[in-house]
Amino acid sequence: MTQTAPESEHRSELAFLAGEGEMATLMRAKDWTATPLGPPQAWPQSLRTCVRLMLNTRHPVFLFWGLDAICLYNDGYRQLLGRERHAIALGNRGAVVWEEIWHIIGPQVAQVMAGDGATWHENDRIPLTRDGKREDTWWTYSYSPIDEDSAPNRVGGVLVLVSETTQTVLAEQKRSAEMTRLRSMFEQAPSFVCIMQGPTHVFEFVNNAHRQLFNSHDWVGKPLREAFPDIAGQGFYEAMDHVYTSGERLIFKATPVRFHAGPQAVESVRILDFIYEPMRDDTGTISGIFCEGFDVTEAHKAEEALRRSEEQLRLATEAAGIGLWDVDLTSGQLYWQPRVKAMFGLSADVPTVIDHYIAGLHPEDRDEARAKFAAATDPAIRATYDVEYRTVGIEDGVVRWVSSRGRGIFNDDGVCVRVVGTAADITARKQAEEKLRELNETLEKRVNAAVAERKLLADIVESTDAMIQVIDLDFNWLSVNKASADAFERIFGVRPAAGDNMLNALADHPKPQATIRQVWQRALSGDPFTAVEPMGEDSPDPRYYEMKFNPLRDKEGRVIGAYQFVYDVTERLRDQARLTEAEEQLRQSQKIEAIGQLTGGIAHDFNNLLMVITGGLSILERQPDTDKRQRIQAGMRQAAERGASLTRQLLAFSRRQALRPEPVDLVRQVGGMRELLDRTLGANIQIETQFPRDLWPVTADPSELELVVLNLCVNARDAMPNGGCITISAENIHLAHDGQEGDFVRLGVEDTGFGMTKDVLARVFEPFFTTKDVGKGTGLGLPQVYGFAHQSGGAVEIESVVDQGTIVTLYLPRAYATPEETGVPVRLDTAVNGPHGTVLLVEDDEEVATLVAEMLAQLGFDVTRAASAQGALGALANGRAVDIVFSDIMMPGGMNGIELAREIHRRRPGLPVLLTTGYPEAARHDAANEGVELLPKPYELKVLQAALSRVMTAATTSAATQAI
């Protein structure tokens, strides 16, 4: 039948709903007249186009249309919707369909509908209810505007392109949590762990055990050779490079490693077990190295000591006819001496296993022997393994009697790891006892046999060189062999015997008595240990003894006394002492040689400085001309500044002067030095500065920075005896070279002098090396520059061409904080009305005391002077009125300034104390602990006035606070 025109047109108008999918079918079948959209024939062309595209793509697509946000979607989106929501979604309002999350997506839809542009959301968390289950889901989606046909500048709807990323996000969260868990496990691991990346082995991770062992707190981000220079020359750099290039795992067992455990620590040798394991990325390429290991130093020392002890015991037991055995419960290994193997009917060359012990026991004695072994290894009992049993020879079938005695060895966790002991073949004794029982001999015969056996053991103990003694809980000797009695009598003049009391025998020797009581008490408490102590210290030939103490227990494991094995180790210790003395003499000779290189230049420099001061003083006494007096005073001040500068060089070189870095404006800092440089360098030296406007501030100690610039400029002047130009320049750079990475300021000092040869250039940073004449330089200037640069976190370079000049370049780290403005200098008020109080001045040097007293008087103080700490306490003892104590730290008499301050605070709380010293770094920590301010020498009048004012003001404030 031919279709009528209206039917054909109707189908043509709905062609945009064509499709075989579920949603196309639903949309064609839905009565749209009941919705705000109305019949599809009346839908805008832009909506029709979007619907047609939506129904013909498999990608999940969703549409919001109109102010009511009517919902339309395709088959791809229907799979993401859930059954319940799908039942109500098509043609419904967005606020109804998405009620539970409309507070999230509603504003986003409104934003697009308002014409504010499209939105993009990546991995956003959306809590949804799907198929009756509320769950967190994650989505990546975009909201794009759809223009209205009638008004192109007005938005008619929102096109939603969406992809659910829930599984991806959850997988990433799981991976991140797993990485966090693994990192936490590594951090808490008892072994030391580190991870290094790249061919230079840059540290990416070190755990707590690694930091505690190697002091590696600041290693992360540094290459191996920079972070751990101590191991250079020990083969570990090369081993690491081999692992990285070859992919081969390397395992090190009981390997000695030399390094410093801290900045001030001496070099030590630790014995380590560790592994280098190559790490590979997803492509299989080696990306780094994983290192894990343990410090087994103590265990190694214990093993060495045990081997020595075992050798000594082996010799003793061989002489005594006793065999040794050792069971390692951790590895299951069994050690028997050939003598013990013979007791079980085994040949001397047969390897022993733990099953030999079980198999060799007589069936009637097996249960008792195993029960006592279990009691010896039980942490709660720790009984002595003391048993007699029969064995049936494994190879020869012969029945023998064995007496075995041993004790368990427990680790720190209380787990028995080894059992060691002795075994003796008592077959003959048992046969004799059986024969005696069979013959029913008299008691006298049995006693005589026992005495004979004990005499045999006693003879063995008496014949040994080891000194052996046994005491009970009251320090009474139970037994003492001849060697021990001889040694005791030689040292203390008393010969001990069984039944005597050890403490009573030492009544005339109170000091040794106290020491001996202490060490024996430790053994009587159940603690086995070894100690090396001197005996007879008052004698002309004191001896040193290695003493091995063990508790004496009964069969039930109760401590009933203690016993001791002693060996004379005097000669061994003396050999060690002679070696140590020789090494110390070598070190001292090396120190003296280094000091000899230094003293000439320093002595000459200080003599020159003192000449300026002493000569100037003599001229001032006779010079009435004011201008000349001022010039002489300026020269004297410059000499004093040079002396302070030389002292600071020495302290910096010796690492006694700690840097105090802070943000520094180089333009302002160097500009403030201009007058000093002009005065120091002379008129024939021209100074030029080249600083950009946007120069970064740097992190440095401003005082040390000034000293560095002054040193470099003085060196440059000396290189231009006929005059020349010094250029001080700076620029901002990003440094990624020689282990340095980050923002730095490059500060250069360049001269036009005679330059340096390659040989000289190679040694300029060596301490005490100088090309100047004796007295012209100490050789510490450039080493101080080098130390300053590296301590500041930067670097230094030097370039020089003969007859053309030299440039020294410092790289100083950029500061991200703003430098503080220079504070207003302390004003010296000489127009005071009356004294500021009374100062108790404590100074042993007469000349210094006279000068300081005059300075205090200039500030308006009355001065009472004491020459020692004892004198100061005497001056305070009579209640003398004193407002502040000003004391030097280094004084004669046994009490220094720190101790004086502590005593003053105890006697007169609240009395302010100010300390001064020319060596502030050595006393700064103690002064801070005592709560006392420290004034470094030398100091000027205004600095002294400011320090006194601070200390007295703080004391007044504290007293007022306590009163409130």
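A nonpolar core is a set of buried Ala, Val, Leu, Ile, Met, Phe, Trp, Tyr and Cys residues joined through side-chain atoms within 4.5 Å. Buried means under 20% relative accessible area, exposed over 50%, and partly exposed in between (1.4 Å probe, protein chains only). The model is predicted: local features need pLDDT of at least 70, side-chain atom pairs count only at pLDDT 80 or more, and totals for chains, interfaces and linings use all residues. Residues are numbered from 1 along each chain as its sequence is written, and side-chain values use heavy atoms, leaving out hydrogens and water.

**View 1. The largest nonpolar core has 45 residues.** Met-27, Trp-43, Val-51, Phe-64, Leu-72, Trp-98 and Tyr-143 touch the most other members. Trp-43 has contacts (heavy atoms within 4.5 Å) with Phe-16, Leu-17, Met-27, Trp-32, Leu-37, Gly-38, Arg-48 and Val-51, not counting residues up to four places away in sequence. A second, separate core holds 38 residues, including Ile-728 and Val-749.

**View 2. Ala-69 and Asn-123 have positive phi values.** For Ala-69, phi is about 55 degrees, although the residue is not a glycine. Ala-69 sits in the loop between strand 1 (61–65) and strand 2 (70–73). Strands (E, at least two residues) and helices (H or I, at least four) are DSSP runs, numbered from the N terminus. Ala-69 is buried at 4% relative accessibility. Asn-123, also not a glycine, has a phi of about 55 degrees. Asn-123 belongs to strand 3 (residues 119–130) and is partly exposed at 36%.

**View 3. Arg-270 and Asp-295 form a salt bridge.** A salt bridge is a side-chain nitrogen of Lys or Arg within 4 Å of a carboxyl oxygen of Asp or Glu. Here the N to O distance is 3.0 Å. The pair links distant parts of the chain, 25 residues apart: Arg-270 is in strand 9 (residues 267–280) and Asp-295 in strand 10 (residues 286–295). Arg-270 is partly exposed at 21% relative accessibility. Asp-295 is partly exposed at 32%.

**View 4. Glu-388, Arg-429, Lys-430 and Glu-433 are linked in a network of salt bridges.** Glu-433 and Lys-430 meet at 3.8 Å, N to O. These two are three residues apart in helix 16 (residues 427–439), so about one helical turn separates them. Lys-430 is buried at 17% relative accessible area. Glu-433 is partly exposed at 27%.

**View 5. Lys-548 is buried yet has no salt bridge.** Lys-548 lies in strand 19 (residues 543–553). The nearest side chain of opposite charge, Glu-546, is 4.0 Å away. For this count, Lys and Arg are positive and Asp and Glu negative; His and the chain ends are not counted. Lys-548 touches residues including Ser-309, Gln-312, Phe-529 and Tyr-563.

**View 6. Asp-888 forms a salt bridge with Lys-937.** The closest N and O atoms are 3.4 Å apart. Asp-888 is in strand 30 (residues 884–888) and Lys-937 in the loop between strand 32 (933–936) and helix 32 (941–963), so the pair ties together parts 49 residues apart in sequence. Asp-888 is buried at 8% relative accessibility. Lys-937 is partly exposed at 27%.
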